[in-house]
Amino acid sequence: MTRTRRTALALSAPAAGALALLAATAPAAAGPAPAGTAQEITRAVTGSPQTAGVPADGYAVTGVRTADSDPAWAAARLEPADPAALDPATVVLHHAAGEWRVVSLGTAGVGCEEAPAAVVADLALVC
C-alpha cells in the first residue's frame, strides 16, 4: 500500500495574493495546552519558515493541545480567515532546547514520521 504525504506546502494565487495551505482534519484527542504554552506554540507557528508564505492574519491557530505521554509534543489546527483563500491545516510541534518548533505541517501523515507512536495516538494524528 502506498501512502501519500504532504508537508509544509503553501501555494500563492497570482492576482489576489491568496495562499492555499493544505490540511489534515485530525480531531483533538489530547487535552488543551495551558494558556502560556498555547501562546508560545502560536508564536512558533506564525514565526515558522513553513508558514512564512501565509500572512499571520490569514489564519488562526486553534485547538492547541499537548500529548499526555510527552508534553514536549503538541499539535494545533490552522483555521483560515477566508475559507475561499486557504484550507485548514494541522501542524505538529516539538519543544526542545527551550523553544517550540514546527516539525510537520500539511495533510496526510502530519507528524506520523516525526513523533513517537504514543504521541501520534495522544494527538489523534491521522496516519
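Leaving aside its neighbours within four places in sequence, which residues is Arg-101 in contact with?

**Whole chain**

Start with a cartoon view of this predicted model. The chain has 2 helices and 6 strands, and from one end of the sequence to the other they run β-β-α-β-β-β-β-α. Of the 127 residues, 41% are buried. Among contacts with a separation of 6 or more, 57% are between residues 24 or more positions apart.

**The largest nonpolar core**

In soluble globular proteins, nonpolar side chains tend to be buried together. Select Val-45, Leu-78, Val-91 and Leu-93 and show their side chains. These are the residues with the most contacts inside the largest nonpolar core, which has 19 residues. Now colour α1 (35-46), β3 (59-66), β4 (73-80), β5 (89-96) and β6, each of which supplies at least two residues of this core. With 4 residues, α1 gives the most to it.

Neighbours within four places in sequence aside, Val-45 is in contact with Thr-51, Tyr-59, Val-61, Leu-78, Val-91, Leu-93 and Val-102. A second, separate core has 11 residues, and Trp-73, Val-92, Val-120 and Leu-125 are included in it.

**Arg-101**

Go to strand β6 and select Arg-101. Here is the reply to the opening question: neighbours within four places in sequence aside, Arg-101 is in contact with Val-92, Leu-93 and His-94. Arg-101 is partly exposed, with a relative accessible area of 49%.

Arg-101 and Glu-99 form a salt bridge, with the closest N and O atoms 2.3 Å apart. The two side chains are also joined by a polar contact of 2.3 Å. Glu-99 is partly exposed, at a relative accessible area of 35%.

**The other salt bridge**

The count of salt bridges comes to 2. For the next stop, select Arg-77 and Glu-79. They form a salt bridge in which the closest N and O atoms are 3.4 Å apart. Are the two partners buried or partly exposed? Arg-77 counts as buried, at 12% relative accessibility, whereas Glu-79 counts as partly exposed, at 29%.

**Pro-80**

Select Pro-80, in strand β4. Pro-80 is buried, with a relative accessible area of 18%. Not counting residues up to four places away in sequence, Pro-80 touches Gly-58, Tyr-59, Leu-86, Asp-87 and Pro-88. Draw a C-alpha to C-alpha distance from Pro-80 to Gly-58: these residues are 22 apart in sequence and 5.9 Å apart in space.

**Asp-122**

Move to helix α2 (residues 117-122) and select Asp-122.

**The disulfide**

For the last stop, select Cys-112 and Cys-127. The count here comes to 1 disulfide, and these two residues form it, with an S to S distance of 1.7 Å. The pair links distant parts of the chain, 15 residues apart: Cys-112 is in the loop between β6 (99-106) and α2, while Cys-127 is in the segment after α2. What is the handedness of this disulfide? The torsion about the S-S bond is about -95°, so the disulfide is left-handed.

Cys-112 is buried, with a relative accessible area of 16%. Cys-127 counts as exposed, at 53% relative accessibility.

Key
Residues are numbered from 1 along each chain as its sequence is written. This is a predicted model: local features need pLDDT of at least 70, side-chain atom pairs count only at pLDDT 80 or more; totals for chains, interfaces and linings use all residues. Side-chain values use heavy atoms; hydrogens and water are left out. A disulfide is a pair of cysteine sulfur atoms within 2.5 Å. Buried means under 20% relative accessible area, exposed over 50%, partly exposed in between (1.4 Å probe, protein chains only). A salt bridge is a side-chain nitrogen of Lys or Arg within 4 Å of a carboxyl oxygen of Asp or Glu. Contact means heavy atoms within 4.5 Å. A polar contact is a pair of N or O atoms within 3.5 Å; within protein, one must be able to donate a hydrogen and the other to accept it, and residues adjacent in sequence count only if both atoms are side-chain atoms. A nonpolar core is a set of buried Ala, Val, Leu, Ile, Met, Phe, Trp, Tyr and Cys residues joined through side-chain atoms within 4.5 Å.
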